[in-house]
Amino acid sequence: MPKFCPFPTFCFALSALFQPAHAFDLAQAWQAALHYSADHAAAKHSRDAEAEQKYQARAALLPQISANAVYQKQPYSLSANTQSHGWNVQASQILYDKSRFAQYRQGRLAAQMADIRLENHADDVRLNVAQAYFDVLLNRDKLAAIRDEKNAYRQQIRQAQAMFAQGAATIIDTYEAQAGYDAALAKEIATATQLQVAENALADLTGLNAAAIRPLDKQAEQVDLLDGRQEPQWQKLAAAHNRSWQLQKAALENAEAALAAAKGGHLPKLTLNSGYQDNHSTREYGGDAQKYRSKGATLTLQLSMPLYSGGRTVSQVREAAARVAQNRELLLATERQAKLAVRQAYLGSHISKIQVLAQQRLLSAADARLQATRLGKEVGIRNNLEEVQAQQAQAEAVQKLAEARYAHIQAYLQLLHSAGVLGE
């Protein structure tokens, strides 16, 4: 399939999210995975094997040429002793055979379907890589937020201990700060473990060192990945490029070709045959030897007409007709599934964009609350517990924003996959 970019901004929106650095980005991770994946390499070999069906079916329509040599000696008997040898060349060319022509069409469709399956497998690889890629970035962002939170609690513990030593605070303030620190430490350990798992998954998919992954630009949340495009435009893309839809369309064409091949079993076949032979024969009888030679070319036009096959051809036609009806219904079901997948993916991408905006506002509110609580603590109207709670809310807001940002990107990638243009 030729390269296709539905809208210019689609092809560059993701690349705008990444900071320039000596590290690999998502597109490079995709390329590495397609070269590294043994499963994808196996899928390529499967495609190559299925593509040969086209050439095998075409071969049946091309001239068939064979050469033969023969030597025969009859053992001595009472009647005669015969010896013969010779050679011949035979050629045949099908002039009309509807079944063979339909089978050639099936071979071409098999190659086309193999290409579609390979492209679909590549898209699945890309989605898996994107999942691991953004899991790494998400857990890195969460880990950074948790460590900032933990450092704030550590500083708070020092302040509470100093104030307690001066008699300006109770030991409860120290305990509250310590409890917040311990909670942050537990989250840090859990998130670090999840980060390691995600890095291992990305390395396993791509063969790359996950430590060299390129982080997103902090301005990435300002990029509108949907670019204002509405659902009908995505549905139009899916109608032309959705892999499952394309595959089922080809499957219906293949079933129709199989029906034509079965119906061809009732029709005559016309074949042109030609050859050249040179045979020598010697016959000995009663001491006398007689020699014969048969030499020359032949040209034959053969017409064959099937009359009765015990009902096999009629049964094959009924079977093929049922397969056509089956694939028509499957095409309708696939069309509905593809449209639903696009609708759901578009809705998910749109909602996730709204969630990013909401989380940005929540983070701004959490920042303001933390600053107000610290100011209130300085003037004596807020206590240490309220500051701990404000810090926890602020750290949670940072993590939720990171989750929303990466969820939005992955929802957009799923939309591209459902529309069949992820690889573009």
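**A tour of helices, cores and caps**

Guide: Let us start at a helix end: N242 caps the N-terminal end of α7, with a side-chain oxygen 3.2 Å from the backbone nitrogen of S244. Such a pair is a polar contact, meaning N or O atoms within 3.5 Å; within protein, one must be able to donate a hydrogen and the other to accept it, and residues adjacent in sequence count only if both atoms are side-chain atoms. D25 caps the N-terminal end of α2 with a side-chain oxygen that lies 3.3 Å from the backbone nitrogen of A27.

Visitor: What should I know about the model itself?
Guide: This is a predicted model, in which local features need pLDDT of at least 70 and side-chain atom pairs count only at pLDDT 80 or more, while totals for chains, interfaces and linings use all residues. Residues are numbered from 1 along each chain as its sequence is written, and side-chain values use heavy atoms, leaving out hydrogens and water.

Visitor: How many helices and strands are in the protein?
Guide: Helices (H or I, at least four residues) and strands (E, at least two) are DSSP runs, numbered from the N terminus. Here there are nine helices and four strands, and along the sequence they follow the pattern α-α-α-β-β-α-α-α-α-β-β-α-α.

Visitor: Which residues of α7 are buried?
Guide: Buried means under 20% relative accessible area, exposed over 50%, and partly exposed in between (1.4 Å probe, protein chains only). In α7 the buried residues include W245, L252, A255, L259 and A262. Their cover includes α4, α6 and α8. Across the 424 residues of the protein, 37% count as buried.

Visitor: What is a nonpolar core?
Guide: In soluble globular proteins, nonpolar side chains tend to be buried together. A nonpolar core is a set of buried Ala, Val, Leu, Ile, Met, Phe, Trp, Tyr and Cys residues joined through side-chain atoms within 4.5 Å. The largest one here has 42 residues, and those with the most contacts inside it are Y133, F134, L202, W234, Y406 and L413. Helix α4 gives the most to this core, with twelve residues. Apart from it lies another core, of ten residues, among them W245, A255, A262 and A320.

Visitor: Is R214 buried or exposed?
Guide: R214 counts as buried because its relative accessible area is 11%. This arginine lies in the loop between α5 and α6, and its side chain reaches the backbone oxygen of A23 at 2.6 Å.

Visitor: And is R293 buried or exposed?
Guide: R293, found in strand β4 (residues 288-304), counts as exposed because its relative accessibility is 51%. Contact means heavy atoms within 4.5 Å; R293 touches D278, N279 and H280, not counting residues up to four places away in sequence. A polar contact of 3.0 Å joins the side chains of R293 and D278.

Visitor: What does the radius of gyration say about the overall shape?
Guide: The radius is taken over C-alpha atoms, and the globule rule is 2.2 Å times the number of residues to the power 0.38. A compact globule of 424 residues would have a radius near 22 Å, but this protein has 38 Å. Its C-alpha atoms fill a box of roughly 140 × 45 × 40 Å, taken along the principal axes.
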